[in-house]
Amino acid sequence: MTSLLDSMLVMVLVLNLFALGSSRLRAVIQVVALQGALLGVMPLVVHQHISPAAAGVSLATVLLKAIVIPTMLMRALREAQIKREVEPLIGLLPSMILGAAATGFAMVFASGLPLADEHTAALLVPASLATVLVGFILLITRTKAISQVIGYLVLENGIFLFGMLLVEAMPLVVEMGVLLDLFVGVFVICIIVNHINRAFASLDTRRLAELKE
Amino acid sequence: MTNLGIHLGLLLVLPPLLLGVINKTKALFAGRQGPPLLQVYWDIAKLMHKGIVLSSTTSWVFVAAPVVGLVTVFLAGLLVPQGPFPAPLSFAGDVILFAYLLGLARFFTTAAALDTGSPFEGMGAAREVTFACLAEPALFLAFLVLVRLSGSLSLAGMLHAPLTISATVEAAPLVLVAIGLFVILLAECCRIPVDDPNTHLELTMIHEVMVLDHSGPLFGLILYAASLKLFVLGTLLLHVLFPFQAGPAALDWALYVLELLGLAVVVGIVESVMARLQMRHVPYLLTAAMLFCAFGFALLIR
């Protein structure tokens, strides 16, 4: 079981690096969708016995993270007629190296944490920390509103991974609530993206510092 | 003994077929009928019957390079075991010999390109060496992971390790190494995201531009060596990707050949669905391969 989980986590980490290194917004959205799908299936792998509730959460996660949100983002991308390139503040290669360094840091840091015995061997904690850090890097280095949404999604994926540790204890309501929050957040941001676009003819968040009538 | 014979036979005969399969896959994706699967054999045979044109500025290096290129890649092919069978040549530390046999082939190809004195070929040589600087560390990091996994310093021991250690235990680093090796394969064999083997625009070429001045049998040797290199690196990758053993020897050989042809189809698909990267983006891809392999190693020593 753990080996399957570990390979899935490695895939998540690899997708992190892809999200940092790819220059097309569309590709980045697809990468995040794939990551969401992986995360959705993961509770089923972690659980020894699959309850209907867990299966429901898993299904809802896959539906939301892999299908609904990416579709919304793609729509926003199309409607706002954004240029397809990512245009990060620092180059793609430095951000990838930064992401790799963050992953390494997460590993070192996680090995120093006083974890419960059943969590020390698995990659879950380092992977979640690394994903959160990569989300931060995406948020900091990308200037377009829509790529910041993507950074936010990756960040949330990291937190979701961390929640996987508590998968036995976390009640269903909390998980559904988190998913709802995420959905509403992205929904609102997609509307805002449209408005920013109409007001400024650009999605560069740096320009939001300027006052405008 | 039979296994040795089959190993040599496959190594000598099969490689051009891989190029044929790649070309056929690309043609099918483009909705064309494409050249027949055996076209590359005919091409090589045709080139062997032609005369050689030698520029007066070239020296013996120009003639030696294709020969050295072919022989070194062939020797490297002897070090790599095919399927679950032992390699014809194997000793502790042959990993390094393997990497530098490929390095020697590259050195002679670039030396021959410089030997012609043509600025175009010099440019191609510079590009080839630049990208090799990034591909080689990635290859060594991949080997490092395998050495750490198997505890063996010979290529045969390393590559058979995924067979014995029940791949499920250490699947995570192997996944990373497989990704890294696939990128190395694409870069070393000049396939599409890095280099386009069909292009005739000098400004975008890497490998093709270095061999522009070679003709006749010399060019045939280069073509054959290129397919051999694809075969050798593909075999290397298959050990990490499909560490399976069927049982009876005949079945294992059949499985191995099928896997190899499948890999050629995958390469063809990658070439069909991807565009060539901009020249300045190629180092990103290779650095990513290096990062993946380094990351696999970090997972192992964690």
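**A walk through two chains**

Hi everyone! In this predicted model, 24 of the 26 residues of H10(B) are buried, so that helix is largely enclosed by the rest of the structure. Buried means 20 or more other C-beta atoms within 10 Å of the residue's own, with C-beta atoms placed from the backbone. Helices here are DSSP runs (H or I, at least four residues), numbered from the N terminus.

Some housekeeping: residues are numbered from 1 along each chain as its sequence is written, while chains are lettered from A and ligands numbered from 1 in written order. Local features need pLDDT of at least 70, side-chain atom pairs count only at pLDDT 80 or more, and totals for chains, interfaces and linings use all residues.

Now chain A. How do H7(A) and H8(A) lie relative to each other? They are roughly antiparallel, a label for angles over 145 degrees. The axes, lines fitted to C-alpha atoms over the stretch in contact, with angles from 0 to 180 degrees between N-to-C directions, come within 10 Å and cross at roughly 170°.

Finally, where do the chains meet? The contact takes 15 residues from chain B and 16 residues from chain A. On the chain B side, H12(B) gives the most, with seven residues.

Technical notes: Buried ≥ 20, exposed ≤ 12 C-beta atoms within 10 Å, placed from the backbone. Helix = DSSP H or I, 4+ residues; strand = E, 2+ residues; numbered from the N terminus. Parallel < 35°, antiparallel > 145°, perpendicular 65-115°, else oblique. Contact = placed C-beta atoms within 7 Å.
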